[in-house]
Protein chains: 2
Amino acid sequence: MITETPMPTATAILDAIGRKQMSALDVVEACLERIAAREPTVQAFALLDPERARDAARRLETAGGTGPLHGVPLGFKDIIATAGLGTEYNSAIYRGHVPGQDASVVALSRMAGGIVLGKTVTCEFANRAPGPTTNPHDQARTPGGSSSGSAAAMAAGMVPLALGTQTSGSVIRPASFCGVHGFKGSWGEISYAGTKLTSGTLDTIGIYARCLDDIELYRAVLTDTRPVKLQPGLQPAPRIAVWLSPFAHLAGPGCIEAVEAMAASADRAGASVRKMELPPRFGQLNDAVRWISAYEGARSLAWEKSFHRDRISPDLRLGRIADGEACSPEQYRAFCRLAERCRIEFDAVFEEYDVLLTPASPGEAPLGLTHTGSAVFNGTFTALHAPCVSLPGYVGPTGMPIGVQLVGRRGEDARLLTLAAWLEAAFLKTR
Amino acid sequence: MITETPMPTATAILDAIGRKQMSALDVVEACLERIAAREPTVQAFALLDPERARDAARRLETAGGTGPLHGVPLGFKDIIATAGLGTEYNSAIYRGHVPGQDASVVALSRMAGGIVLGKTVTCEFANRAPGPTTNPHDQARTPGGSSSGSAAAMAAGMVPLALGTQTSGSVIRPASFCGVHGFKGSWGEISYAGTKLTSGTLDTIGIYARCLDDIELYRAVLTDTRPVKLQPGLQPAPRIAVWLSPFAHLAGPGCIEAVEAMAASADRAGASVRKMELPPRFGQLNDAVRWISAYEGARSLAWEKSFHRDRISPDLRLGRIADGEACSPEQYRAFCRLAERCRIEFDAVFEEYDVLLTPASPGEAPLGLTHTGSAVFNGTFTALHAPCVSLPGYVGPTGMPIGVQLVGRRGEDARLLTLAAWLEAAFLKTR
């Protein structure tokens with residue numbers, strides 16, 4: 001059952017604050033109430049900071065100002081540094097760790113008038129070992145990972161916006177499982193400064209929101225650029241490529257149907273929709289992500305693995321770190337070259353198509369909390385450095401949400417969001 | 001006048017420790033003595049840590065062990081985090097800042113038996129505003145920047161190995177000015193985790209050493225891979241491209257002569273040496289580096305510029321940060337695309353050539369300490385993500401060193417070092 005959540009969009013909150021229908025403090029209190037009600041089950045937060053959030057809201061009221069996030073409470077995945085606020089990476093090594101500085105994305109959020117409400121649960125170092133978070137739609141199921149808390153907090157209506165990160169499938173998969181809008185930008189566009197690094201060539205910041213307009217709003221804040229007004233009505237019917245990937249046989253119930261439902265609604269709305277193939281080498285990009293992230297990750301975590309190896313989970317020690325130690329530099333470089341080649345080939349796809357439709361996850365969130373589900377439909381696009389959106393709206397066979405992934409051309413993040421708005425309107429119309 | 005420095009190579013130190021001719025503590029004391037003698041003039045260190053260095057040396061003696069850097073004292077540019085040791089980025093904002101964790105490169109160094117002797121002076125945030133360091137060959141001249149202290153500490157014989165970073169020309173230019181061996185690896189090969197980020201797509205760790213063997217030794221430690229034995233004698237005479245860049249008119253006295261002297265000695269030793277041209281678009285790569293590093297840097301420093309703007313130098317505020325705020329996302333992306341295209345074209349150069357010879361700096365270190373000299377001969381190769389070496393040995397018209405830059409193919413760092421060894425042998429033979 002998809003539960004209704006009372007949290008309005010950030011855009012609606014900004015409007016209400018602008019019209020003085022509610023104050024920034026009212027918004028913070030509404031979030032805290034919702035958290036009080038749902039947190040015992042959902043466990044989305046690693047750390048809440050109600051007092052400083054209230055202070056920030058009061059200061060905003062006094063100061064006035066018209067920042068683009070004026071009064072919007074935010075959740076940050078707990079691998080993102082927050083000045084004066086615990087940042088523990090869900091690692092025993094970092095219990096009590098309090099950075100003195102904000103990560104770039106946090107500072108930009110604060111400067112825009114956003115309010116840091118708390119830190120959301122992450123898998124250990126944004127890898128696999130999960131925290132306690134449950135799926136707000138079914139507490140027996142995983143919310144996905146590694147941005148578990150941010151996706152779940154959104155789905156439970158606890159915050160209007162939250163940030164995650166993706167190295168293989170850590171933003172888009174949880175968005176699909178939790179039935180929220182998720183966005184991973186083109187690699188390199190949002191600064192990773194102050195966010196715990198795993199893979200310098202893959203790690204990408206992502207946004208969770210209740211609508212696409214909110215994503216564009218926050219994307220502009222995080223890139224320190226002007227937002228684009230998403231006007232799907234002005235968009236000519238898009239040319240849509242459907243690519244089910246070489247991993248379609250791993251799709252569970254509802255997965256392919258979700259993509260097909262979205263494609264069918266686009267077709268009915270006038271889009272051109274065609275199944276597409278990519279060269280077989282694209283089928284190796286999941287492996288590329290596995291080995292590149294392991295090779296780089298084992299080195300990025302040199303301090304932790306050298307001096308605190310016993311406090312690293314077996315998941316990470318025997319998984320990514322062992323992989324990274326086993327991977328030869330030649331293998332690593334071959335995968336880097338493959339990814340680069342495919343990125344350039346993938347750019348060319350967008351001469352024929354506007355957007356690619358593909359599964360966001362293998363289906364509904366799996367039962368159990370010890371594993372965050374498979375990223376088999378995500379790694380390819382992380383390797384491609386391409387912008388991705390998970391659009392919610394489809395409901396799977398057992399009533400759980402399933403997202404559909406839209407992929408755009410590198411560097412054309414705002415355009416992807418406009419196309420996503422067109423597709424969403426078409427989907428909602430024909431549902 | 002090029003001063004003679006008494007510091008032996010890391011390889012010689014390791015050998016002497018292995019043969020029990022000296023202890024790790026002896027080496028630390030020798031470094032500290034040299035520093036005591038030269039530091040009042042050179043001012044290479046932001047922070048020295050003699051007591052913990054001695055402790056580490058004693059612990060190594062007790063524990064034994066055969067790490068590849070067993071007992072080698074090291075200097076780290078002060079934008080690289082050292083657990084429990086001040087890391088101030090030469091920024092007023094970070095006075096007294098002491099990280100709790102090591103950067104990846106520091107942890108890997110310690111695990112290899114290296115000893116953290118201290119932090120070397122950096123320009124503010126590895127940008128332009130210089131520290132007090134002077135050129136060990138002439139205290140009226142800049143050592144170059146932003147890795148000023150590491151290059152100067154090497155040249156003054158204070159340490160056998162030191163680390164720097166390069167975003168435009170911050171490793172290779174100081175190596176040239178100070179007359180030491182400098183190396184910037186292929187981008188992405190050495191983890192930047194724990195090093196203060198400016199530009200996620202350009203920042204690269206670099207090594208200063210007294211010989212090429214030491215660079216390969218340390219490169220293997222930092223990439224957590226096996227070192228290659230550099231055997232220039234086994235190398236067939238290389239195919240050498242000489243490229244003076246579109247900026248040759250900015251070369252000062254000795255600059256082109258240094259490249260020509262190296263080329264002539266290679267020719268005499270049997271190499272094929274040809275002048276090469278690159279497409280005109282390569283002439284825009286310096287601009288690409290300027291605007292990409294500014295665009296990304298202004299965002300990476302979001303916390304500093306939002307909350308401590310008054311403690312940022314005018315150099316940085318009115319330079320890189322203002323540039324980054326002025327650069328449009330379209331401009332930024334166009335430069336990113338240009339750099340990517342040129343990288344792939346540059347790979348193809350190495351089907352015809354083994355190594356490219358080009359100036360490492362516009363000539364001798366300029367007089368004055370308020371500016372660290374021009375990176376006009378460096379940005380191109382930072383944008384290309386290519387491995388670069390600055391080979392010392394040439395002496396300019398006023399007796400100051402001038403390096404020659406060798407550039408290799410991306411991902412073939414050890415091969416570049418082997419080729420550099422061949423070139424150096426040829427140069428030393430015919431000098």
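## Starting at B:A258

In which helix of chain B is B:A258 found? The answer is α8, which covers residues 255-268 of chain B. Keep in mind that this is a predicted model.

B:A258 counts as buried because 28 other C-beta atoms lie within 10 Å, and the cut-off for that label is 20 or more. Leaving aside neighbours within four places in sequence, B:A258 is in contact with B:Y394, B:I402 and B:V404.

## A buried loop residue

B:T195 belongs to the loop that runs between β5 (181-184) and β6 (204-209) of chain B.

## The nonpolar core

In soluble globular proteins, nonpolar side chains tend to be buried together. Here, the largest nonpolar core has 284 residues, and A:L406 and B:L406 are the ones with the most contacts inside it.

So what does B:L406 touch, once residues up to four places away in sequence are left out? The list is B:V355, B:L357, B:C388, B:V389, B:L391, B:L416, B:L419, B:A420 and B:L423.

## Two helix pairs in chain B

Two packed helices are described by the angle between their axes and the distance between the axes. Take α9 (residues 285-300) and α11 (residues 314-326) of chain B: their axes are 7 Å apart, at an angle of about 95°. That makes α9(B) roughly perpendicular to α11(B). On the α9(B) side, the residues are B:R290, B:W291, B:S293, B:A294, B:Y295, B:G297, B:A298 and B:R299, and they meet B:R320, B:I321, B:D323, B:G324 and B:E325 of α11(B). By class, this contact divides into five nonpolar, three polar and five charged residues.

The other pair is α7 (residues 212-223) with α14 (residues 413-430) of chain B, whose axes come within 10 Å and cross at roughly 170°. That makes α7(B) roughly antiparallel to α14(B). B:L212, B:I215, B:E216 and B:R219 from α7(B) meet B:D413, B:A414, B:L417, B:A420, B:A421 and B:E424 from α14(B). This contact has six nonpolar and four charged residues, with no polar ones. B:A420 turns up here in α14(B), and it is also one of the residues that B:L406 touches.

## How the chains meet

Each chain puts residues into the contact: 29 from chain A and 29 from chain B. On the side of chain A that touches chain B, the elements giving two or more residues are α4 (104-111), α9 (285-300), α10 (302-307) and α12 (329-352). That side of chain A has 10 nonpolar, 14 polar and five charged residues.

What rotation superposes chain A on chain B? It is 180°, with 0.0 Å of shift along the axis and an RMSD of 0.0 Å. That is the relation of a two-fold axis. In chain A, the C-alpha nearest the axis belongs to A:G200, 3.7 Å from it. The same surface serves both copies, with 100% of the contact residues of chain A recurring in chain B.

Conventions: Residues are numbered from 1 along each chain as its sequence is written. Chains are lettered from A and ligands numbered from 1 in the order in which they are written. This is a predicted model: local features need pLDDT of at least 70, side-chain atom pairs count only at pLDDT 80 or more; totals for chains, interfaces and linings use all residues. A nonpolar core is a set of buried Ala, Val, Leu, Ile, Met, Phe, Trp, Tyr and Cys residues joined through C-beta atoms within 7 Å. A residue is buried if 20 or more other C-beta atoms lie within 10 Å of its own, exposed if 12 or fewer, and partly exposed in between; C-beta atoms are placed from the backbone. Two residues are in contact if their C-beta atoms, placed from the backbone, lie within 7 Å. Helices (H or I, at least four residues) and strands (E, at least two) are DSSP runs, numbered from the N terminus. Ala, Val, Leu, Ile, Met, Phe, Trp, Tyr, Cys and Pro count as nonpolar, Asp, Glu, Lys and Arg as charged, and the others, Gly among them, as polar. Copies are superposed by least squares on the C-alpha atoms of residues with pLDDT of at least 70 in both. Axes are lines fitted to C-alpha atoms, for helices over the stretch in contact, and angles run from 0 to 180 degrees between N-to-C directions. Angles under 35 degrees count as roughly parallel, over 145 as roughly antiparallel, 65 to 115 as roughly perpendicular and the rest as oblique.
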